[in-house]
Amino acid sequence: MQPMGNDKPTNVPGRPVSPFRAAPQSSTPFISSGPVVGLEASGASRATTPFLSSGPGTILGASGTPQTTVPFLSSGPITGTQMSNYRSPPPPPVRYNGPSSPPPPTSYPAQDATTYQQTQAPRFPPPGQPVTPFRGPVGSSGPSPSGSFRPQPQIPSVPMGPPPQTATQMSSRSNMPPPLSESSFSATRPPPQPSLQGYSYGLPRGNMPPASAEPQLPAPRSVSQPPLQQAFPSSHVPPVHASYHAHQGGVVPPPPPPIGGPLGYNSREQIQYPNIGPPIGGNLQGLVEEFQSLSVGSAPGSLDHGVDVKSLPRPLSGDEEPIKILETFPLNCHPRFLRLTTYAIPSSQSLLARWHLPLGAVVHPLAEVPDGEEVPIVNFGPAGIIRCRRCRTYVNPYVTFTDAGRKWRCNICSLLNDVSGEYYCALDASGRRCDVDQRPELSKGSVEFVAPTEYMVRPPMPPLYFFLIDVSVSAVRSGFLEVVATTIKSCLDELPGFPRTQIGFLTFDSTLHFHNLKSSLTQPQMLVVADLDDIFLPLPDDLLVNLSDSRHVVDALLDSLPSMFQDNANIESALGPALKAALMVMSQLGGKLLVFQSTLPSIGVGRLRLRGDDLRIYGTDKEHTLRIPDDPFYKQMAAEFTKHQIAVDVYAFSEKYTDIASLGSLAKYTGGQVYHYPSFQAPTHQEKLRYELARDLTRETAWESVMRVRCGKGVRFTTYHGHFMLRSTDLLALPAVDCDKAFAMQLSLEDTLMTTQTVYFQVALLYTSSSGERRIRVHTAAAHVVADLGEMYRQADTGAIILLLSRLAVENTLSHKLEDARQLMQLKLVKSLKEYRNLHVVQHRLGGRLIFPESLRFLPLYVLSLCKSLALRGGYADVPLDERCAAGYNMMILPIRRMLKLLYPGLYRIDENLIKGPEEFNESSKQLALSAQSLDPRALYIYDDGFSFIVWLGRMLSPDIVNNTLGVDLSGFPDLSRLALLEHDNEYSRKLMRIIRRLREKDPSCFQLCRVVRQGEQPREGSLLLSNLFEDQAAGTSGYVDWILQIYRQLQSS
Ligand SMILES: [Zn+2]
């Protein structure tokens, strides 16, 4: 997440590419699809076009074809179960160069671009090659040209997933929630894409605390605790980054932190508040379990406060998965897949109103399976999957069997369902089915169902990768074209889905270059289309090819790409027209579109202007417009892509403004990802790009997916946050999804009072595996319903809370000022701690203390870090606009563990490890407070935020270590920004590189660029490291101690 300067590459050999591997698939061939929403008995009623077109104004509604609902299918016996190897080690890579795929012809002269057949495409293709002109939304233009993949003739080609929008919605779910609430929900739902909503608008029914500074404290407490608003009307809430003093009226910016000094960053507080003493307050013995507290005052009621900096809680061991819930609910799925912000669901609206933090869930459906566990695969065979007749919940460990085993009760909607003859089993004396232990779906919280034939809506499409590559002058000069071409080539053997994988390329500058990859050719053929206004496909049949059939042509293309354009002087970029062409090529099959963009799109539809960053706009009510797409074209294209099951990943490389805000919306609404390499220079960044592109291409991907999270009576998910397209009210369309993507959602209560004691949640992800099998991954979990606010706090999960808060905050920056987004988070934190304080303070006379629940002890720090994150910190000039937007997109997909790492990065002293013997570096025992105070000038440190490493060399570090690890003598003041950290032939260097490799292996989802900085080397030390030591004050931001004092002051005020 650091700005990438012009530093040289670090060369860390042996970086393992450990993608999410394709699993050996079940032997059962793919048979079906579609169960998540309504079922399709026969495809006959469906149109061939995957989606009906809809006008630009309704794109987000994404209506589908009408669909019939299949009656509940009776179930059959399990025909076989096996363990899913979704993430287990892969079989050895399959070579494609079999007899049918001759090796790349050596006669293809890679260096001679002229031999590559370049022809101006005829405006009208030769007879026999149908051309489909692009006419508006593709969906409306009828069947597209047939691709090289031919669906089975007798099966109509219809979308697999999620069919049905409104029509099905009613028929398949009409009995689940009360119709009134369903319709009122639709009616009041804010327009289409909730992830565009700022969180002050996120909840349509007002049953969650409004995010704005309205009075929130419940009436019963009003005597001693007047509404917070009174003390802090929204316009007077102290700015998050203002110091404590600013709040008191002065506008004194906090002094810069003394760095490395003996007193360190808290010297100021110590001077200011000399009365730091031992904790005071009531007897805490009985409360140890309940909460923690910090002494912040010398005497109750005193205005002088001090904080013992050492006593501040720090998340030095990273994320703490709430696995304790498995003690209460051992049948729950592992929290890695589904985490709630609190495992105590409030029983009433009034209780919920006192919980000022988000109530919701974080879902990571394809998370890496915990060690030693597997997700079992269940195949019910042709009889069908057992689901509730009414709410379509999948059978799970929490359903109960009655009537001697002839009926089962749905745990979500309580309906009593019949047990079919095939699924029948007698009950034992305690009412358990005798076969529970043999049935994973009744004994495990996570299972994967193989979807049976009757559910078929269209044949599962083969994995498809289409590359849209900018070849304008900047792309060539920066070296990215060459890195991209060689990386793609190196991954061809490992693309998932062999032997069905499809591939295609389109390059562009001011014109579009199509590449004919027909297997009968010996070398590819380029066809240039210059008409950007009325795009047509010159060779509709041969632009997408089967990779194994055309492997030699693809290899030849990738070999020649860099040289083909090496003298290209074209500076234009027709990205918009290129996207339209890509949609035409891909619309039949769907798949993954990888866009490589090195400059601002400048020509044709979707051209963007150099709006850049504007100082004058900051602080005004227009500030947020910088961070939202400039042209609705990109969002409209994203909607079209999603309709056609296409996920878009955006790789952006420009050294200048590229409008990531606009480009990123392609990824945002298609389940994709934004990869940003500002000022890309191959020598520095190629290793990072190679790794990340390779992971993107080779990690196991779930295709044509939809996800729905069901929950029990009385609660309802109301807003969703992440990269997806929302289809209908609660169905997330994910053209592709993988283990690096997590989703967040907020929950609200349906009724004033909940009558059940337990509430259940079930995540269902329907997808096509790369091998072409339809699967449904199902995670089920339960949580207690409580009537006690204290219990909600006790069972709170800081990781889930902070992830949801961060997404709400990022979304908020799309409709509000950065400052407002930060204040809102602070306000939530204060309200929440105030409410908690009210539970205890009178009883225990804790006047001089800041108290907080044990479960939330890191929350204040994480909120502070969030305010200082790239996406939210400062204002103009604090973060380049594109980097800020890229960071925002990034935060919208991160799973909890990576988010927490980003908010509280690791800081490790390692010079001792370099000197000492062979014992292994163990980061968990070495992590330090994230403050310059931790830095000893005699030492060497590594900072690791999960996205980059900074190696910091103290001024007084032994020259022996420096010279040996860097391979240069620092006394000559070499330019460290150009230094590549390589392994040298000595023990110090080998040990250092071993530690770096170890840290990288801990997080395989991206490649951490490693940069070296020396103490006092400005401005690099400041921008790379010091500004990211979140506990310190820096440039107008609060330090941790200041922050705690601010929070405390606000809690005290009344
Ligand atoms: Zn049900």
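Student: How are the donor residues of the zinc ion spaced in sequence?

Tutor: They follow the pattern C-x2-C-x18-C-x2-C. Before we go on, note that this is a predicted model, where local features need pLDDT of at least 70, side-chain atom pairs count only at pLDDT 80 or more, and totals for chains, interfaces and linings use all residues. Residues are numbered from 1 along each chain as its sequence is written, and side-chain values use heavy atoms, with hydrogens and water left out.

Student: Which atoms coordinate the zinc ion?

Tutor: Donors are N, O and S atoms within 2.8 Å of the metal (3.2 Å for Na, K and Ca), and water is not among the atoms, so sites may look incomplete. Here the zinc ion is held by the SG atoms of Cys388, Cys391, Cys410 and Cys413, at 2.3 Å. Within that set, Cys388 and Cys413 link distant parts of the chain, 25 residues apart. Cys388 is in the loop between strand 7 (376–379) and strand 8 (400–402), while Cys413 is in the loop between strand 9 (407–409) and strand 10 (416–418). Strands (E, at least two residues) and helices (H or I, at least four) are DSSP runs, numbered from the N terminus.

Student: Why is the arrangement around the zinc ion called tetrahedral?

Tutor: Ideal angles for four tetrahedral donors are 109.5 degrees. Four donors count as tetrahedral if all angles lie between 85 and 135 degrees. The 4 donor atoms here subtend angles of 102 to 115°, which makes the arrangement tetrahedral.

Student: Are Cys388 and Cys413 buried or exposed?

Tutor: Buried means under 20% relative accessible area, exposed over 50%, and partly exposed in between (1.4 Å probe, protein chains only). Both Cys388 and Cys413 are buried.

Student: What do Lys592 and Leu610 look like by that rule, buried or exposed?

Tutor: Lys592 counts as buried because its relative accessibility is 3%, whereas Leu610 counts as exposed because its value is 64%. Lys592 lies in strand 17, and Leu610 sits in the loop between strand 17 (591–597) and helix 13 (632–643).

Student: Which residues does each of them touch?

Tutor: Contact means heavy atoms within 4.5 Å. Leaving aside neighbours within four places in sequence, Lys592 is in contact with residues including Asp649, Asp696, Asp738, Arg699, Trp703 and Phe466. Ala647 is also among the contacts of Lys592; the two are 55 residues apart in sequence and 4.9 Å apart in space, C-alpha to C-alpha. Leu610, not counting residues up to four places away, touches Leu600 and Tyr657.

Student: How many residues of helix 14 are buried?

Tutor: In helix 14 (residues 660–668), 9 of the 9 residues are buried, so the helix is largely enclosed by the rest of the structure. Those residues pack against helix 12 (575–586), strand 17, helix 13, strand 18 (646–652), strand 19 (674–676) and helix 20 (881–891).

Student: Which residues lie closest to the centre of the largest pocket?

Tutor: The largest pocket holds about 970 Å³ of space. Of its 40 lining residues, Asp319, Glu321, Arg897, Arg898 and Lys1002 are the closest to the centre. Helix 21 gives the most to this lining, with 5 residues.

Student: How does the lining of the largest pocket divide by class?

Tutor: Ala, Val, Leu, Ile, Met, Phe, Trp, Tyr, Cys and Pro count as nonpolar, Asp, Glu, Lys and Arg as charged, and the others, Gly among them, as polar. The lining of the largest pocket has 16 nonpolar, 7 polar and 17 charged residues.

Technical notes:
Tetrahedral: all angles 85-135°; square planar, octahedral: opposite > 155°, others 65-115°. 1 Å grid on protein atoms, 1.4 Å probe; cavity = no way out; pocket = protein on both sides within 12 Å on 5 of 7 lines; lining within 4 Å. Points joined across faces, edges and corners; volume = space filled by probe spheres on them.
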